[in-house]
Amino acid sequence: MEFITLVIQCFSLLILFSTTSLSETPHTIPRLTPFYRSNLRRPESSSSDILPPEFRTYYYHQTLDHFNYRPQSYATFKQRYIVNSKFWGGAKSNSPIFAWLGAESPIDYDPLDVGFLTDNASRFKALLIYIEHRYYGESIPFGTTEKVLENDNIRGYFNSAQALADYAEVLLYIKKKYSAQDSPIIVVGGSYGGMLASWFRLKYPHVALGALASSAPILYFDNITPQNGYYSIVTKDFREVSESCYQTIRKSWSIMDKIASKPNGLSILSRKFKLCQDLNSSWELKDYLVGCYSIAAQYDTPPEYPVTEVCGGIDGAPKGAHILDRIFAGVFASEGNQSCYSIPTGTAIWGWSWQSCSEMAFPIGRGDGDTMFFPAPFNLQQFSKNCINLFGVPPRPHWITTYYGGQDIKLVLNKFGSNIIFSNGLRDPFSSGGVLENISDTILAVYTRNGSHCLDILGESKTDPDWLTEQRKREVEIIRRWITKYYADLQALKK
């Protein structure tokens, strides 16, 4: 698998929110993305230039606003989707449709990364559809993401409810285009896309027969999950690999602050960590390292296991090495030998910054002494202030649970929902906000102790451990059961 051979870069996963006061530090929210390393350093190209010929790219004239009837609501934009019909059994046999719900990035490489779909297309004789999320990739209304986000009116249509309605329109159009009215649809998504897949099944059960929601932290809102859930699992992952590595990281933060407080201290730290630019504060370095450790844990994937790589660097430093030299050895082990290492400043990933500042306000933080990190509690008031500075609006932290639910999920969905797989790997920090217990006979939690973020929906490999093969096998069996029952129900209705 290509994605596990690429180096980890420690900051692209994190969304930074700048503040107006020098006494305040930005709040960092770990970014949801299913295939982090597979997208590193890939050239910007059209999907038609990247993908094998069986993947065909199309564009649907999508409605800008599904929920209002103002003249502007009827404006349209081109939404990209990709089709692979190589293995499809056809409409006459009502062969299924597997639909990938794109998330917060372009879909150019998604057909290559989502191996679960291509691996199983021939087994199910399925038509494969990949739909790009509005405001990402080539599916941006009226310009670039940056230009759109500067427009208060157009920006307001950038939310998950509109995205789900987009997917419903495209999938109904696909059914009509291929004369496949009776073909069952299974939606699949990972990370934020996994959240969308589960919500799509709940909101549009007449469109999708079922959903596979991989690493979907739908319970990380409204204090359902403790703030420190994410960083507690990062800490657990490192401590399980090496107690000495964990202790070194835990003790390093105060030493960085101590050196930074000295004359020329920031220059000393900048040189020690071979940074491309001098530090403005010790927080910049510390947050960079938090990103390194978090990404290693989130994507702690076999056979390399990045947490083991980082700790191997830290523990393998020469005997008697200064503690920060050991920390740097961990950076070297994870990122490889570079002439210098870059630390980002300001706000990155504009699209997800807007989504985080509007509805996807994950209250991820940590206290004093509850993880191996320095304290950084989530402060809603400060977070709102930062969002107002960026976009002119505060977040709506309770909207996700209001619109989609989440509180008392087992009680609510036990009789209401059906046909959702919530898959997780317990080494993934976001699994702390995932569904880890069966809710009913058809809303099922499938997890592995050693799995990481979205590992189950990557392609099969000869190096896959048995537990990963078994997880995928169980997911396939559940989906096959849904489709078999659907065919039986369909046949009974047509008698």
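Modeller: Let us begin with burial: a residue counts as buried when its relative accessible area is under 20%. Please bear in mind that this is a predicted model.

Colleague: Which residues of helix 3 are buried?

Modeller: In helix 3, residues 115-124, the buried positions are Gly-115, Phe-116, Leu-117, Asn-120, Ala-121 and Phe-124. They pack against strand 5, strand 6, strand 7 and strand 8, and also against helix 2 (110-113) and helix 18 (466-493). After helix 3 comes Lys-125, with a positive phi near 55 degrees.

Colleague: In what order do the strands of the open sheet lie?

Modeller: The order is 3-4-6-5-7-8-9-10, eight strands with mixed pairing. Strand 3 (55-63) and strand 10 (443-448) are at the edges and have a single partner strand each, so one side of each lacks a neighbour in the sheet. On average, neighbouring strands are turned by 20 degrees against each other, direction ignored.

Colleague: How many bridges join strand 5 to strand 6, and in which sense do the two run?

Modeller: Strand 5 and strand 6 run parallel and are joined by five bridges. Strand 5 (residues 97-101) also pairs with strand 7 (residues 185-190), again in the parallel sense, over four bridges. Individual residues show this arrangement: Trp-100 has Tyr-130 as its bridge partner in strand 6 and stands opposite Val-188 in strand 7. Ala-99 faces Val-187 in strand 7.

Colleague: Why is strand 5 described as largely enclosed?

Modeller: Five of its five residues are buried, so the rest of the structure largely encloses strand 5. Ile-97, Ala-99 and Leu-101 point one way, while Phe-98 and Trp-100 point the other way, and all are buried.

Colleague: Which strands does helix 7 lie across?

Modeller: Helix 7 (residues 192-203) lies across strand 5, strand 7, strand 8 (210-214) and strand 9 (420-425), at about 150 degrees to strand 7.

Colleague: Let us close with a single residue. Is Gly-330 buried or exposed?

Modeller: The cut-off for burial is under 20% relative accessible area. Gly-330 has 3% relative accessibility and therefore counts as buried. This residue belongs to helix 13 (residues 323-335). Leaving aside residues up to four places away in sequence, Gly-330 touches Val-310, Gly-313 and Ile-314.

Notes:
Residues numbered from 1 in each chain as written. Predicted model: local features only at pLDDT ≥ 70, side-chain atom pairs only at ≥ 80, totals over all residues. Heavy atoms only, no water. Pairing = 2+ DSSP bridges. Axes fitted to C-alpha atoms, helices over the stretch in contact; angles between N-to-C directions. Contact = heavy atoms within 4.5 Å. Buried < 20%, exposed > 50% of the residue type's maximum accessible area, 1.4 Å probe, protein only.
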